[in-house]
Protein chains: 2
Amino acid sequence: MSLLSKQVAHYLERASWIRKMFESGNELKQKYGAENVFDFSLGNPDLPPPAEIKSAMKDLAGRLEQPMSLGYMPNAGLPSARKALAEYLSREQKIRLEASDVIITCGAAGGLNALFRAVFEAGDEVVCPAPYFVEYGFYAENFQGRLVPVKSRPLTFELDLDAIEEAVNSKTRVVLINSPNNPSGRVYSADELKVLIDIIEKKNQELGRPIFLVVDEPYRFLTYDEISVPSLMAMYDHTIVVSSFSKSLSMAGERVGYVAVSPKIPDNQELLNGITLTNRILGFVNAPVIGQILMEKAINVTVDTNIYVQRREAMADVLDQAGIEFSMPGGGFYFFPRAPGGDDQAFTRSLFEENVLAVPGTGFGYPGYVRLAFCVSRDTIDRSGPAIKRAVQRM
Amino acid sequence: MSLLSKQVAHYLERASWIRKMFESGNELKQKYGAENVFDFSLGNPDLPPPAEIKSAMKDLAGRLEQPMSLGYMPNAGLPSARKALAEYLSREQKIRLEASDVIITCGAAGGLNALFRAVFEAGDEVVCPAPYFVEYGFYAENFQGRLVPVKSRPLTFELDLDAIEEAVNSKTRVVLINSPNNPSGRVYSADELKVLIDIIEKKNQELGRPIFLVVDEPYRFLTYDEISVPSLMAMYDHTIVVSSFSKSLSMAGERVGYVAVSPKIPDNQELLNGITLTNRILGFVNAPVIGQILMEKAINVTVDTNIYVQRREAMADVLDQAGIEFSMPGGGFYFFPRAPGGDDQAFTRSLFEENVLAVPGTGFGYPGYVRLAFCVSRDTIDRSGPAIKRAVQRM
């Protein structure tokens, strides 16, 4: 008999193929040498954190003798870090936020969990365009909610607004938008988001209560071709932005993100008190203090995004040369091309035979495509060309 | 209509007196100056972290240019930190643990949540001696479990083993022991724990499945009068140790703790895989990387415990002088004396009138007592004497 709950035992079973893939990838690296394996499977930023992070850390090391230098703080975060974050978000979201409108969290993942814990009743639903970050489903189920994915249009990943309208119902508590999208790289346009908001507002009137529009945008700092990410707080009152500094400051392991609740939500302080409480009782207590201090000092800088610009071009060339169909990502560091022949798992295996690691789109609720992360060196991208070409030819 | 779930809205309502107390305390400090308020209400260690933390942080700052220096890692933690932790716990628990038996978590609070998420079915119960750390109840309810507190004996806080035997039933999934106890300071003896284990083992046989003995011991490093904390992994097979470095390294805000699963549990790796998964999907992902690196370097040192030895004596003198009844704490940095007259909330108010901040025992499931945290300066303790005396006289 398993010592785990039925649900978690089932999760483990379902996830076993991911673990196997990861282990097989490691075996490949041991067999052929890491430099001969083209690993596009992980979204772990390889760029060093900006210089501001280093100097902030040195400063902090010099101040550790001060009492409670690394101690508890108010559960919502260091007051100075919250203030800096509110100023940053006021510029980004084009409405005025105060420190009291934001909570610093253990990454966006921690923020989404704290939010769902605070607002869900059993059976509540989260409508989310697919492809989507697979963890969303777990976050909802942690608190007896349910993710309802709605497939976006093939290859372009435009929102299928008719299908979304059909999916939104009286159980819908949240519509969750991830833009730039992981894995598709799509940045949803202001035009399609306006229609989405019309749909939500119509539904709100029917239901007599507001649906939250939750926006997860950790790749907002990284868009291409002058594409900009619309500021949803300025477009819809019940907007909550959940995001993180994992990618922009290359400190994904330190776990610093936030939940920002629109001040246009009537009585938004009750909601913020609730999320502050659930952030505490879920065991986060507060976001890691060192990460908060570093984030505050580096909030207005990012890693060198030009490097990603060049890698994106290089990766597009590799895919073009191999005759693979894809949409150019508008942001983030992923390509989500169509699997030649249409079977993403077969294509992933074929890539694997050529020492190329990718993740099948099935893992993102979107079969027929594969995800290639380009947070790897330019050299790895360039050298992968012939291998990817061979993998396509074998299909 | 509240935007929060019914349960969380209710939590907020219930917790409002704590918030009010905290706010009133801050008002006192603004009015009379912080040095004229004797704040014994918070368990936030005031000692600086050991020198090893500082040197480890400086080292790290010099290595940030390395790729992925602050990046994601395996969800269970940095392999080298897990290895160091397993060695440390092998000495402490008197059985051999490997790196694969431990998961580094976001404090003990994060560890308990990940554990409960991994094993609970709806309605599962956690039996726990009172007084108890009030957050335990929330952790259980996060995942549809329920805390069942069992009052320990008055003033000595010895386990009431008959009452525990009565409380353990077919719904009991976990017996949770916090030793040294927050708030009572009690270190449970090997003798009473042996009887407790006999009770659990008898029940296991009846039920045909094992109850977990979960031990939360962040104050283990801080005991007095040569009292030692029994090593429960050597005493009961299904033991899980959940703890943190928040107090021993004075870095409560950085959130580094662990879950250690006894290798004597048959198939303990399935349980560890489950907790690693729930640690990820609850949004912790991994414990903060900087904290992990610092912990690994400082794992064999602690803050200067002699300071707490002296403060404990001073606080005992103050309470003696005021004619307050108490048991000397065997560990930790709290006194949990009897409220003169027996009404903890009235006594807390009386203390407040004298600018002394304490927490009523009602908040720990044990009315009639108050908690005084002595992680404050020796000077604060000494100067509080006359005020505490006056507060008692007024009762």
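What covers the buried residues of α5(B)? In this predicted model, the cover includes α4 (107-119) and α8 (268-281) of chain A, together with α4 (107-119), β3 (125-130), β4 (146-151) and β5 (172-178) of chain B. The buried residues in question are Tyr136(B), Gly137(B), Phe138(B), Tyr139(B), Ala140(B) and Asn142(B). Because 6 of the 8 residues of helix α5 (residues 135-142) of chain B are buried, this helix is largely enclosed by the rest of the structure. Just after α5(B), Gln144(B) adopts a positive phi of about 65°.

The arrangement of the two chains was examined next. The same surface serves both copies, since 100% of the contact residues of chain A recur in chain B. To this contact chain A contributes 68 residues and chain B contributes 68 residues. On the side of chain A that touches chain B, the elements giving two or more residues are α1 (6-32), α2, α4, α5 (135-142), α8 and α9 of chain A. Among these elements, α4(A) gives the most, with 8 residues.

Helix α2 (residues 51-61) of chain A has Ile53(A), Lys54(A), Ala56(A), Met57(A) and Leu60(A) as its buried residues. They cover an arc of only 165° around the axis, and therefore lie on the same side of α2(A). The packing partners of these buried residues are α9 (289-298) of chain A and α2 (51-61) of chain B.

Within chain B, α2(B) packs against helix α9 (residues 289-298) at an angle of about 130°, and the two axes are 9 Å apart. An angle over 145 degrees would count as roughly antiparallel and one of 65 to 115 as roughly perpendicular; α2(B) and α9(B) are therefore oblique to each other. The crossing in which α2(B) passes α9(B) is right-handed. On the α2(B) side, the contact is made by Glu52(B), Ile53(B), Ala56(B), Met57(B) and Leu60(B). On the α9(B) side, Ile290(B), Ile293(B), Leu294(B), Lys297(B) and Ala298(B) take part.

How values were computed:
Residues numbered from 1 in each chain as written. Chains lettered and ligands numbered in written order. Predicted model: local features only at pLDDT ≥ 70, side-chain atom pairs only at ≥ 80, totals over all residues. Contact = placed C-beta atoms within 7 Å. Buried ≥ 20, exposed ≤ 12 C-beta atoms within 10 Å, placed from the backbone. Helix = DSSP H or I, 4+ residues; strand = E, 2+ residues; numbered from the N terminus. Arc of directions from axis to C-beta. Axes fitted to C-alpha atoms, helices over the stretch in contact; angles between N-to-C directions. Parallel < 35°, antiparallel > 145°, perpendicular 65-115°, else oblique. Left-handed = near helix turned anticlockwise from the far one by under 90°.
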